[in-house]
Amino acid sequence: MPSVSCALAAAAALLLANPVAGGVMPPPRDVARYKWLVNAGSNASEPQQVHASFGEDPMTSLQFVWSTRTAADTILRFGEAGKPMTSIANGTSTPFDEPVQFIHRAAATGLRAGTTYSYVVGSPAGGWSNVSTMTTAPVPGSPEAGALVFAVYGDMGLDNERSLAWLVKDVEAGAFDAVLHVGDLGYDLDSDGGLRGDAFMNSIAPITARVPYHTMPGNHEIEGGTFKAYRSRFWMPASNDALYHSIDVGNAHFSMISSEMYFAISEYGLLMMPEQFTWLEKDLAAVDRTKSPWLVLMLHRPMYCQDDDSQGDACHTLTNPTRVGYFGQYALEPLLLKYGVDLVVGAHEHFLGLSKVLYNNNASTAVMSNQTDGSILFRNPGAPVHILAGSAGCPEKLDVLSPTQPEWSAGAWDVYGYGYLSFPSASRATWSFRNDTDGSIINRLEFQQDHHGPFAA
Ligand SMILES: [Fe+2]
């Protein structure tokens, strides 16, 4: 992984100096090649599907997952970039039957903040992965923390994966430092006896082996209420089987939860929704806003949406359970005010959507202004702004926007792509979106928040 300063330079070039230039279009990805990779290598114990996330302390730990077709030892070798990989972490492997493989997990701990490490995973007998790099989170408030860029998207499949080529091009250029995938991965991980899951994981490996890749489940991960393939393949720090977790990285705290708790009650059990709600309230209450001033809630199904209602999704209704809960219980939207959540990011609907400053279906334009460079500035919002980024590309194609946009909408775009989110300082955050059709950068937003904390009711 390139240094943070490289990422800053690349991001600045992308987002500021030349905001509408897309550069050279990347070549289309070859889906057939991904399927071949399912059985890649003559050695069935050769690592594949390598992916990583930040560990429980993102400044000092990273955690890695990979698969082998047959049993093999679980070893992570690492060292600071440019030095020998003399550190070794032994992990664990678990048999997985869809399709038959062994899923390995190992963590590197005791690392230095904001430092790039070289690593390989595998075993002497089974073989090793290619050498790659991964970088720990920098110290909050540092210049490096302000330079971090997060790629944000949901709903990316193995087919019609429109953003993938751009993402690979970006990660190779150091244009982002971590990915936040807001649910719906692979369509579906368990399809074709799980071979589709293998192929998807290999398709994103050029990204997941280079930067921490954080996920939360969407409806395509429910798998009859078991979330089996998702829970087995992904390992998130301090999480409940990767169903919900949070990280403090740079100048932001990200709480990533499962909206499916609100929609798969009959399959998944009534206990999960209260458990997650209790966890989330504790998580939000515990955020030290002097260290993590920006607060972001991410969940697959959005609280609000601007497309047509052909599928009858709850985001079109005033009774969306993620907003208002059930019988007044477990409602998430009041937590946004109580703890001063700055941004809510959803996906599930396949377009790019932006709200005004929004709470309880009431929007305010008072703090929004158009800037001379074409961006929108939100100055000291008194409630969250909602972003919907569910169009990284999947077999379901794009959704059709409603011809009559709701009063709270600040814009909707029927385009494929993904967002760049950054937090340059305690008082400033930025968002922009890569339009995959022509590579242009659209929807450039700037947030100014001078006093983080609970919003007034
Ligand atoms: Fe979805």
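## Close-up views of a predicted model

**View 1. The largest nonpolar core.** The largest nonpolar core here has 123 residues, and V152, M298 and A389 have the most contacts inside it. A nonpolar core means a set of buried Ala, Val, Leu, Ile, Met, Phe, Trp, Tyr and Cys residues joined through C-beta atoms within 7 Å. Buried means that 20 or more other C-beta atoms lie within 10 Å of a residue's own; exposed means 12 or fewer, partly exposed is in between, and C-beta atoms are placed from the backbone. Both domain 1 (4–32 + 141–448) and domain 2 (48–135) give residues to this core, so it lies between them; the domain bounds come from an automatic or database domain assignment.

Keep in mind that this is a predicted model: local features need pLDDT of at least 70, side-chain atom pairs count only at pLDDT 80 or more, and totals for chains, interfaces and linings use all residues. Residues are numbered from 1 along each chain as its sequence is written.

**View 2. Who touches M298?** Skipping its neighbours within four places in sequence, M298 is in contact with L180, V182, M216, F254, M256 and V345. "In contact" means that the two C-beta atoms, placed from the backbone, lie within 7 Å.

**View 3. An open sheet of eight strands.** Follow the strands in the order β14-β12-β10-β25-β26-β27-β22-β21, and you'll find mixed pairing. At the edges sit β14 (213–215) and β21 (368–370), each pairing on one side only. Strands (E, at least two residues) are DSSP runs, as are helices (H or I, at least four), numbered from the N terminus; two strands pair if DSSP finds at least two bridges between them.

**View 4. Zooming in on β21 and β22.** Strand β21 runs antiparallel to β22 (residues 376–379), and three bridges join them. Look for N370, which stands opposite I376 in β22.

**View 5. E446 in its strand.** You'll find E446 in strand β27 (residues 441–448). Is E446 buried or partly exposed? E446 counts as partly exposed because 18 other C-beta atoms lie within 10 Å. Beyond its neighbours within four places in sequence, E446 is in contact with S375, L377, R428 and T430. I387 is 59 residues from E446 along the chain, and their C-alpha atoms are separated by 13 Å.

View 6. For residues 47–136, UniProt lists "domain: Purple acid phosphatase N-terminal" (unreviewed entry); UniProt positions use the numbering used here, feature names are shortened, and annotations may be inferred rather than shown by experiment. Residues 47–136 are 0% helix and 59% strand, with end C-alpha atoms 23 Å apart.
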